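Please view the sequence and the structure first, and then read the points below.

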Amino acid sequence: MTDSTRITAASIADANGLRGSTGIRTKWSDVDQDPAAGQVKFKPIFGTRFPEFRRLDILSRMFVVATEACGLPALLDAETRIDPALVLATATGCLAADQRFERSLQIPKGIEPAVFPYTLPSTCLGEVAIRHRLRGPTLCLSVAPGEEGLALTTAQGLLLDREARAALVL
């Protein structure tokens, strides 16, 4: 056994666009998307349909998009899908969903019940797990800005302790 880990795939979704190990290189403006405004659609980016995508909050959408861009489905065989860890480190968590739900409490027509499940910061991990039938441990870490790398260290610990065979780190 070794105390090193290997990154087999990666992706990044930032203010400019999406890039990933699958070879995707997309600018948001080229696919008429604006994640900052909460406008992200699956088909213009990947060319395939994902009907459930539209019900997701923006955080879950971005994590699903990032997961697709790194090619997760091709990396996991049936045995590995049993226990891959999903680890998220975030400085803002589900703040956008929290704010949206809180605003809905103030309007006369009532609350937005579909937003409520997304007021839990780990829900985005559940959405990725559901999409890819992953059944391993999930962990959501609240960190200070700039300390998101703690997710890698935590995932490495789960791998070394054999609590997971693989890890998806967000």
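Predicted model: local features only at pLDDT ≥ 70, side-chain atom pairs only at ≥ 80, totals over all residues.

Residues are numbered from 1 along each chain as its sequence is written, and side-chain values use heavy atoms, with hydrogens and water left out.

**Overall architecture**

- The secondary structure of the protein chain consists of 6 helices and 6 strands; helices (H or I, at least four residues) and strands (E, at least two) are DSSP runs, numbered from the N terminus.
- Read from the N terminus, the order of these elements is β-β-β-α-α-α-β-α-α-β-α-β.
- The protein chain is as compact as a globular protein of its length, because its radius of gyration of 17 Å is close to the 15 Å that the globule rule gives for 170 residues. The radius is taken over C-alpha atoms, and the rule is 2.2 Å times the number of residues to the power 0.38.
- Along the principal axes, the C-alpha atoms fill a box of roughly 60 × 30 × 30 Å.
- Of the contacts in the protein chain with a separation of 6 or more, 60% join residues 24 or more positions apart; a contact means heavy atoms within 4.5 Å.

**Surface and charge**

- Of the 170 residues, 38% count as buried. Buried means under 20% relative accessible area, exposed over 50%, and partly exposed in between (1.4 Å probe, protein chains only).
- The protein chain exposes about 10,100 Å², of which carbon and sulfur atoms supply 53%; the areas come from the Shrake-Rupley method with a 1.4 Å probe, and for residues only the protein chains shown count as cover.
- There are 19 positive and 19 negative side chains, and the centres of the two sets lie 8 Å apart. Lys and Arg count as positive and Asp and Glu as negative, without His and the chain ends; each charge is placed at NZ of Lys, CZ of Arg, CG of Asp or CD of Glu.

- In helix H4 (residues 95–104), the buried residues are Ala97, Phe101 and Ser104. Seen down the axis of H4, these fall within an arc of 55°, so they line one face of the helix; the arc is that of the directions from the helix axis to the C-beta atoms.
- Helix H6 (150–160) has Ala151, Ala155 and Leu158 as its buried residues. They cover an arc of only 55° around the axis, which puts them on the same side of H6.
- The buried residues of H6 pack against strand S4 (85–90), S5 and S6.
- An α-helix has 3.6 residues a turn, so residues three or four places apart point the same way.

**Positive phi in two loops**

- Most residues other than glycine have a negative phi.
- Arginine 133, in the loop between helix H5 (123–132) and strand S5 (138–142), has a positive phi of about 55°. Arginine 133 is exposed, with a relative accessible area of 61%.
- Just after H6, arginine 162 takes a positive phi of about 60°.

**Threonine 138**

- Threonine 138 lies in strand S5 and counts as partly exposed at 44% relative accessibility.
- Not counting residues up to four places away in sequence, threonine 138 touches Leu86 and Leu125.
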